[in-house]
Amino acid sequence: MNNDLSKAKEALFRSLRSALGGLSESVLQAIQQVPRERFVPPESRHMAYLDIPLAIGAGQTISQPYIVALMTQALELRGTERVLELGTGSGYQAAIISRLVPQGSLVTVERVPELADRARAVLKELGYANVTVELAGPTLGSPGRAPFDAIIVTAAAPRLPPSLVDQLAPGGRLVIPVGSRDMQELVQARRTDEGLSLRMLGPCRFVPLLGPEPFPEE
Ligand code: SAH
């Protein structure tokens, strides 16, 4: 890594460490270990450690590191969970989760084949062996491999999608941006015996989750 990039990485890390509310040590460590520059297009590599989303092609973006950290933390991973991600995109968020479930696994689903192929290749190159990249099918998520202990959706939905709630194990956490196409609230929904218990984590802005159940395709 060149000098400018490693300085930017240190600066980003310092700012995440002092983030309001506090991020856990394990999440910070995962952020430090995953080379974000490998998940962005070559022409954006010099911006890889700015705390901003970046374009990754097909009209999609890799999320801002702070939001990646916040969502990852809300999954409450201890190391053995079976995790589902919707919206593989660059594969960066998948790499972070992979590090946090060394005895578990991650299935990550993407609807754009080129993005799925690219993410699969870089995740393999970097040795994230507990990650499976799947192409999105007719039902949201990966019902054939359910239930999951944690589900993260890195695209915006107009409401909590019932088919994803169905793929959640008892006690499982679903972390998802819910709102309009322009603005959402980050929600953590926990499946309990009494139903879903909800926690609001703050405002955010994601590209829309597309398909029959979430936002219709235009
Ligand atoms: N987590 C990614 C960023 C995701 S951007 C990263 O770390 O880089 C959101 C992604 O969700 C886009 O790549 C988009 O193609 C994908 N997406 C949209 N609707 C989807 C659906 N129904 N199922 C799976 N992926 C979907």
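Trainee: What does Phe-39 touch in this predicted model, leaving out residues up to four places away in sequence?

Mentor: Its partners are Val-34, Ile-56, Ile-62, Ser-90, Gly-91, Tyr-92, Ala-95, Val-122, Leu-123 and Leu-126.

Trainee: Which core has Phe-39 among the residues with the most contacts inside it?

Mentor: The largest nonpolar core, which has 52 residues. Ile-31, Leu-77, Tyr-92, Ile-96, Ile-97 and Leu-123 are also listed with the most contacts there.

Trainee: Which elements give two or more residues to this core?

Mentor: Helices H1 (3-17), H2 (25-33), H3 (65-74), H4 (92-100) and H5 (113-125) do. So do strands E1 (54-57), E5 (131-135) and E6 (148-153).

Trainee: And what lies apart from it?

Mentor: Another core, of 19 residues. Leu-140, Ala-155, Leu-174 and Ile-176 are among them.

Trainee: Back to H4. Why is it called largely enclosed by the rest of the structure?

Mentor: Because 8 of its 9 residues are buried.

Trainee: Which ones are buried in H4?

Mentor: Tyr-92, Gln-93, Ala-94, Ala-95, Ile-96, Ile-97, Ser-98 and Leu-100.

Trainee: New topic. Where does Leu-160 lie?

Mentor: In the loop between E6 and helix H6 (162-166).

Trainee: What is Leu-160 in contact with, leaving aside neighbours within four places in sequence?

Mentor: Leu-174, Ile-176, Val-178, Ala-189, Leu-196 and Leu-198. Of these, Leu-174 and Ile-176 belong to the core of 19 residues.

Trainee: How far is Leu-160 from Val-187, by C-alpha atoms?

Mentor: They are separated by 9.0 Å, and lie 27 residues apart along the chain.

Technical notes:
Residues numbered from 1 in each chain as written. Predicted model: local features only at pLDDT ≥ 70, side-chain atom pairs only at ≥ 80, totals over all residues. Heavy atoms only, no water. Core = buried A, V, L, I, M, F, W, Y, C linked by side-chain atoms within 4.5 Å. Buried < 20%, exposed > 50% of the residue type's maximum accessible area, 1.4 Å probe, protein only. Helix = DSSP H or I, 4+ residues; strand = E, 2+ residues; numbered from the N terminus. Contact = heavy atoms within 4.5 Å.
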